[in-house]
Amino acid sequence: MRNSISKIGIIAFIIFLGAFAFKLGFSGFVTFEFLKNNLLLIKAMADVYPLQSILGFFTIYVLITAFSIPAATVLTLLGGAVFGLVKGVIIVAFASTTGATLAFLASRFLFSNFVSRKFSAQIKTINQNIEKEGVFYLLTMRLLPVFPFFVINLGMGITSIRASVFYVVSFVGMLPAITFYILAGQEFSQINSLGEILSPRFFVLMFSLGFFTYSLKFVVSWIKKLRLYSKFKKPSRFDYNMIVIGGGSAGLVTSYISATVNARVALIEKNKMGGDCLNHGCIPSKALIRSAKAVHARTKASLYGIKKLDIEFDFLDVMNRVKRTVNAVEPHDSKERYTGLGVDCISGTAKILSPFEVQVGDSIYTTQNITIATGSRPFIPPISGIEASNFVTSDTIWDLTALPVRLLVLGGGAIGCEMAQCFSRLGAQVTLIEQGGRILSNEDREVSSLLQKILTDEGVQILTNCKAREFSTSGPVHTLHCESSSGLVTIDYDTVLLATGRQANVDGLGLSELKIALRKDGTIETNEFLQTSFPNIFACGDVTGPYQLTHMAAHQSWYCAVNGLFGKFLKFRVDYKAVPWCIFTDPEVATVGINEEKAKSLGHSYEVTMYHLSDLDRALVDDETAGFVKIITKKGTDKILGATIAGSVASTMILEFITAIKFNIGLKKIHETIHIYPTMGEANKYAAGEWRKAHAPVKILNVMGRYFSRIRK
């Protein structure tokens with residue numbers, strides 16, 4: 001509150017000073033005509049009072065620059081005429097930079113927070129670029145005369161660039177133009193207008209300096225690249241155009257695309273082709289979810305007019321079906337298929353020896369490009385006693401041959417919730433532990449509440465705000481000791497599923513030897529083109545993030561293949577505009593873009609539109625009324641920022657919103673589109689209708705009401 005009042009006070013003071021200066025006719029004292037007509041008097045005063053003249057000139061120049069008054073050019077000419085070349089350049093350079101920095105700081109204090117809240121996503125992107133190349137951007141703008149200095153001062157104030165950097169770079173960047181004007185100012189008495197100064201020769205000179213700086217960026221980049229690769233001998237011939245390390249979703253698609261354009265490509269995989277998705281993730285988990293849903297159908301028989309539905313099953317048969325499903329999908333990702341596509345599939349552990357060499361066993365292969373697609377593995381939390389806790393992960397849970405009587409699930413994210421529901425439906429006594437305040441904390445609160453109620457109703461015990469401290473074992477009994485808001489809690493169990501996140505597979509690849517940078521979370525650092533520290537080494541999928549999603553890994557792999565093979569001619573930045581994901585609980589929860597939690601954290605000005613499936617005809621027919629369609633739009637418009645759907649087929653329903661966000665289709669267009677009746681997909685149209693109702697033209701409708709009421713009379 002105090003901060004806001006002080007800002008208002010400063011703005012009011014600035015307006016007062018401006019009005020006061022205008023009232024006194026201050027602007028008339030800094031015009032070209034006034035200064036030229038009084039040049040002899042000003043020179044005489046400077047000769048008699050040199051120090052006072054310098055301080056006065058400096059102060060006036062700082063104030064004019066700080067308040068963005070368009071008189072700096074004239075004052076610079078005056079500085080040359082009164083103080084000469086050397087002294088004039090020094091005084092004006094420091095005065096202009098000081099004034100610019102004051103304007104910069106004022107802009108940061110007055111507007112930075114407001115702009116960050118209003119345009120958080122754009123400011124975040126700008127600040128990322130500023131961190132990387134802020135000095136270059138600022139220097140180029142200072143040198144190119146197309147950018148008004150006051151715009152640069154105010155604009156840079158809302159970025160994250162340091163004030164000291166702004167001062168130094170501004171000083172250097174403005175020096176050429178200041179020197180030019182000071183030189184011209186020595187002939188002030190012979191100049192009849194500013195137009196004589198701003199000649200084509202001046203603009204050519206300044207543009208040349210600006211473009212020299214811009215070209216310097218590429219020269220510096222080229223020198224850095226030379227230094228980076230100087231330690232390594234580049235082969236005269238290469239075995240491959242692309243070597244891909246990792247045979248999961250990211251690696252398979254990178255290999256496929258590379259082979260499609262007839263590049264010579266090798267795919268190295270040390271374990272099973274198909275990676276985590278085929279062998280431990282998407283495929284087996286969905287197979288188990290389907291079996292569990294079939295078993296759960298017996299509890300819903302009465303909803304469909306069936307008195308009793310008997311289901312008998314053996315857990316081992318269910319797990320064998322999971323394995324059969326994996327085997328059925330396996331040919332799609334097999335060595336045989338990819339060899340037939342023209343990919344050399346190599347079994348073994350890969351180590352990158354240089355930007356051009358990859359070793360597998362005793363063999364060394366040379367390549368123009370490398371894509372690292374080694375995926376991730378379950379994170380094992382450092383909890384005391386965990387080694388003897390009889391734990392399984394999302395990788396090893398498929399090896400279970402008997403249903404645990406008491407299953408403990410550690411972690412309330414997507415994997416934890418999916419598996420908790422599955423095993424509960426299959427007959428296990430399930431307890432889910434979440435150290436945060438709610439399950440599915442990355443989703444909206446309506447999602448967390450809905451899923452918590454459904455899981456609880458199905459028999460899952462959920463403990464939130466519960467932090468695991470220690471595992472202990474006494475004979476056949478395993479126990480987890482937790483710290484909760486109500487005190488210490490102990491839970492006995494038979495098997496514990498660790499669903500506490502994943503970590504990137506980067507060990508043994510030779511990254512540290514090559515000094516390939518990693519982020520704090522252990523993922524490989526890449527730029528917007530998915531290049532690592534070496535421009536010809538790329539990374540995609542879980543090993544780099546930021547999304548641990550199979551379809552995102554496949555999406556990124558296109559950029560690795562194309563940027564690697566054709567990057568000399570054209571490169572593409574990764575498009576994260578419409579990223580979807582789904583939690584395959586029952587009901588499913590699918591999201592694309594940003595949800596409300598994210599919109600709040602980013603400071604977006606947004607509106608929420610909700611449509612509940614309990615009002616949808618098809619949901620009533622199927623008795624699948626649990627769920628909703630929730631849409632986030634930019635305030636005052638139908639522009640979709642994100643959508644979340646909770647429902648039995650949410651993963652299919654969300655496709656319409658993915659397309660809408662990708663191609664900038666608003667809710668009006670969705671509402672105008674014919675949807676088949678009766679389907680769950682109609683919910684999207686009705687949700688768009690709710691938005692239109694909320695934005696109905698009330699005044700026009702009132703006029704129409706009065707018109708029709710007259711006709712009835």
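Helix α25 (residues 682–694) has 13 residues and spans 19 Å from its first C-alpha to its last, close to the 18 Å expected at 1.5 Å a residue; the expected span is 1.5 Å times one less than the number of residues. Helices here are DSSP runs of H or I with at least four residues, strands are E runs of at least two, and both are numbered from the N terminus. This is a predicted model, in which local features need pLDDT of at least 70, side-chain atom pairs count only at pLDDT 80 or more, and totals for chains, interfaces and linings use all residues. Residues are numbered from 1 along each chain as its sequence is written, and side-chain values use heavy atoms, with hydrogens and water left out.

**The chain overall**

- The protein chain holds 26 helices and 22 strands.
- Of its 713 residues, 44% count as buried, meaning under 20% relative accessible area, with exposed being over 50% and partly exposed in between (1.4 Å probe, protein chains only).
- Among contacts with a separation of 6 or more, 67% come from residues 24 or more positions apart; a contact means heavy atoms within 4.5 Å.

**Around helix α25**

- The buried residues of α25 are E682, A683, N684, A687, A688, G689 and W691.
- These buried residues pack against β20, β21, β22 (640–647), α22 (650–653), α23 (655–662) and α24 (667–672).
- L655 sits in helix α23 and counts as partly exposed at 47% relative accessibility.
- L655 and P580 are 75 residues apart along the chain, and their C-alpha atoms are separated by 8.7 Å.

**A helix pair: α4 and α5**

- Two packed helices are described by the angle between their axes and the distance between the axes.
- For helix α4 (residues 50–66) and helix α5 (residues 72–83), the axes come within 10 Å and cross at roughly 165°; axes are lines fitted to C-alpha atoms, for helices over the stretch in contact, and angles run from 0 to 180 degrees between N-to-C directions.
- α4 and α5 are therefore roughly antiparallel to each other, the term for angles over 145 degrees, while under 35 is roughly parallel, 65 to 115 roughly perpendicular and the rest oblique.
- The contact joins S53, I54, F57, I60, Y61 and I64 of α4 with A72, L75, T76, L78, G79 and F83 of α5.

**Sheet and hairpin**

- An open sheet of five strands runs in the order β8-β15-β9-β10-β11, with parallel pairing.
- β8 (391–392) and β11 (461–463) stand at the edges with a single partner strand each, so one side of each has no neighbour in the sheet.
- β8 pairs with strand β15 (residues 495–498) in the parallel sense over two bridges, and F391 stands opposite V496 in β15.
- Helix α16 (residues 414–425) lies across β9 (406–410), β10 (429–433) and β15, and runs at about 165° to β10.
- Strands β4 (residues 350–354) and β5 (residues 357–360) pair in the antiparallel sense over four bridges, forming a hairpin with two residues between them.
- In β5, V358 stands opposite I352.

**Buried single residues**

- Y181, in helix α9 (residues 163–185), counts as buried at 10% relative accessibility.
- Y181 and G88 lie 93 residues apart in sequence and 9.9 Å apart in space, C-alpha to C-alpha.
- N536 lies in the loop between α18 (511–514) and β17 (537–539), and counts as buried at 8% relative accessibility.
- Leaving aside residues up to four places away in sequence, N536 touches Y229, P355, F356, Q368, N369 and I370.

**Backbone details to check by eye**

- The peptide bond from D586 to P587 is cis, with omega near 10°, and P587 is in the loop between β18 (580–583) and β19 (588–593).
- The peptide bond from Y677 to P678 is cis, with omega near -10°, and P678 is in the loop between α24 and α25.
- N390 is not a glycine, yet has a positive phi of about 55°; N390 is partly exposed, with a relative accessible area of 39%.

Conventions. Two strands pair if DSSP finds at least two bridges between them.
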